[in-house]
Amino acid sequence: MSDGVEWALHVSSVLAVVPPDQGLTAAKLAEYHGVPGAYLAKHLQALTRAGVFEAVPGRNGGYRLARAANDITVLDVVEAVEGRTRAFQCKEIRQQGPAGGPKSDYKGVCGIAKVMYDAEAAYREKLASVTINDLLGSFLRSATPGAQTRAANWMIKELS
């Protein structure tokens, strides 16, 4: 998984507290997270194409969540950045080499592919069960008052 997934999830959590009539620019979001702006911008565009974020023009423009934080899952963000292609691609190597044979010699899905597909399904199910709002709540429960104050002060300054 790319760094872009982590960045996109952090950005999503920040955007969860942006008022609906405002946005934060790609440059400000990159500054807040200390990440390269051009690379982050690429992911912000992918999130916008996927309907997770929306780009807003104008003085208070930038990016904001396209839906309520309770309606956006971690899986939505991961798929926007990484795509929906399966992580494991079975090449049916059991049919190759000196012990291989025709497809008709093998019943059903390869056991290795099945366990990998099942694991990925469980992983995706877990990601689909956590929302951006849940991540924001986790930050609020785990961050010190000092960290929360710094985040709030930055947000107030940037949205003023």
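The following exercises, with worked solutions, concern a predicted model.

**Exercise 1.** Determine which elements make up the protein, in what order they run, and how the radius of gyration stands against the globule rule.

*Solution.*
1. The protein contains seven helices and two strands.
2. Read from the N terminus, these elements run α-α-α-β-β-α-α-α-α.
3. The radius of gyration is 20 Å, well over the 15 Å given by the globule rule for 160 residues, so the protein is more spread out than a compact globule.
4. Along the principal axes, the C-alpha atoms fill a box of roughly 70 × 30 × 25 Å.
5. Of the 160 residues, 38% count as buried.

**Exercise 2.** Describe the largest pocket by its space, its lining and the helices that supply the lining.

*Solution.*
1. The space in this pocket is about 460 Å³.
2. Its lining consists of 18 residues, with Ser 13, Val 14, Tyr 32, Leu 136 and Phe 139 nearest the centre.
3. At least two lining residues come from each of helix 1 (3-15), helix 2 (26-33), helix 6 (132-142) and helix 7 (145-159).
4. Helix 1 provides the largest share, five residues.
5. By class, the lining comprises 13 nonpolar, four polar and one charged residue.

**Exercise 3.** Characterise the second largest pocket by its space and the classes of its lining residues.

*Solution.*
1. About 160 Å³ of space lies in the second largest pocket.
2. Its lining residues include Gln 22, Lys 28, Arg 59, Glu 158 and Ser 160.
3. The lining divides into two nonpolar, six polar and three charged residues.

How values were computed: Residues numbered from 1 in each chain as written. Predicted model: local features only at pLDDT ≥ 70, side-chain atom pairs only at ≥ 80, totals over all residues. Heavy atoms only, no water. 1 Å grid on protein atoms, 1.4 Å probe; cavity = no way out; pocket = protein on both sides within 12 Å on 5 of 7 lines; lining within 4 Å. Points joined across faces, edges and corners; volume = space filled by probe spheres on them. Helix = DSSP H or I, 4+ residues; strand = E, 2+ residues; numbered from the N terminus. Nonpolar A, V, L, I, M, F, W, Y, C, P; charged D, E, K, R; others polar. Rg over C-alpha atoms; globule rule 2.2 N^0.38 Å. Buried < 20%, exposed > 50% of the residue type's maximum accessible area, 1.4 Å probe, protein only.
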